[in-house]
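Take a moment with the chain before reading on. Trace it from one end to the other, then follow the steps below.

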Amino acid sequence: MTREEIIIKISEKMRLIRTEAGYTQDKMAEVIGVSKKTLVQIEKGRVYAGWSTVVAVCALFRETETVRHFFGDEPLEVLETVAHDGMDYRKEKTMGGKVWWREIEDRNGYILQQNIISQHFRIIDEDHFRIFSSFNEREAKERFLEITKDRKI
């Protein structure tokens, strides 16, 4: 998944997200920080939203069915992974990937998972803290091997 793909998809679903949230165009424009005219242009498919607008929509409306359908249960993780071109640090605690995640490998207290919606990969530790994310499968598997090789149980 790329920035451009996210921008296109969220732009195409902007009206649906707004409707699902129960907002008027005026209220939605105010909340996401664009003019009503710009929002109307996006909803009519005449322009795409900018990256910062897309990030705002995904962050502020991450609980909507539309955003969850596109990203799974971790829309902000997907955005962070795309924005940073992968991440490699211990971040927030996850729910452990019971719903939107396919386990690829479990070794030495770490789990390599792939999101079934966005297809990105992540490594979580035994406490379910996310420590690495990437859309690159090879990079994720290499990092998983590095992490699990270093850890002695």
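Helices here are DSSP runs of H or I with at least four residues, and they are numbered from the N terminus. Keep in mind that this is a predicted model.

Start with confidence. The average pLDDT of the chain is 86, and 89% of the residues score at least 70. Confidence is highest in helix 4, at 96. Confidence is lowest in strand 1 (residues 87-88), where the mean is 54. Where pLDDT is low, the predicted coordinates should not be read in detail.

Now look at helix 1, which spans residues 3-12. Which of its residues are buried? They are Ile6, Ile7, Ile10 and Ser11. Seen down the axis of helix 1, these buried residues fall within an arc of 120°, so they line one face of the helix. An α-helix has 3.6 residues a turn, so residues three or four places apart point the same way. The face of helix 1 turned away from the buried side carries Glu4 and Glu12, which are exposed. What covers the buried residues of helix 1? The cover includes helix 2 (14-21), helix 4 (36-43), helix 5 (51-60), helix 6 (65-71) and helix 7 (75-84).

Move to helix 6, where Thr66 is found. Thr66 has a relative accessible area of 14%, and it counts as buried because the cut-off is under 20%. Its side chain makes a polar contact of 2.7 Å with the side chain of Glu20. Beyond its neighbours within four places in sequence, Thr66 also touches Lys13, Leu16 and Ile17, as well as Glu20.

Next come the rings. The structure holds two aromatic pairs. Tyr23 and Phe61 form an edge-to-face pair, 5.7 Å centre to centre, with 80° between the planes. This pair links distant parts of the chain, with its two residues 38 residues apart. Tyr23 lies in the loop between helix 2 and helix 3 (25-32), and Phe61 in the loop between helix 5 and helix 6. Tyr23 is partly exposed, at 28% relative accessibility, whereas Phe61 is buried, at 5%. Phe70 and Phe71 are also edge-to-face, 4.6 Å centre to centre, with 75° between the planes. Phe70 is buried at 16%, and Phe71 is buried at 0%.

Finish with the strands. Strand 2 (residues 101-107) and strand 3 (residues 110-115) pair in the antiparallel sense over six bridges. Arg102 stands opposite Gln114 of strand 3. The two strands form a hairpin with two residues between them. In the turn, Asn108 has a positive phi of about 50°.

Definitions and conventions: Residues numbered from 1 in each chain as written. Heavy atoms only, no water. Pairing = 2+ DSSP bridges. Buried < 20%, exposed > 50% of the residue type's maximum accessible area, 1.4 Å probe, protein only. Arc of directions from axis to C-beta. Contact = heavy atoms within 4.5 Å. pLDDT = per-residue confidence, 0-100. Polar contact = N/O pair within 3.5 Å; in protein donor to acceptor, adjacent residues only side chain to side chain. Phe/Tyr/Trp six-rings, centres within 6.5 Å; stacked < 30°, edge-to-face > 60°.
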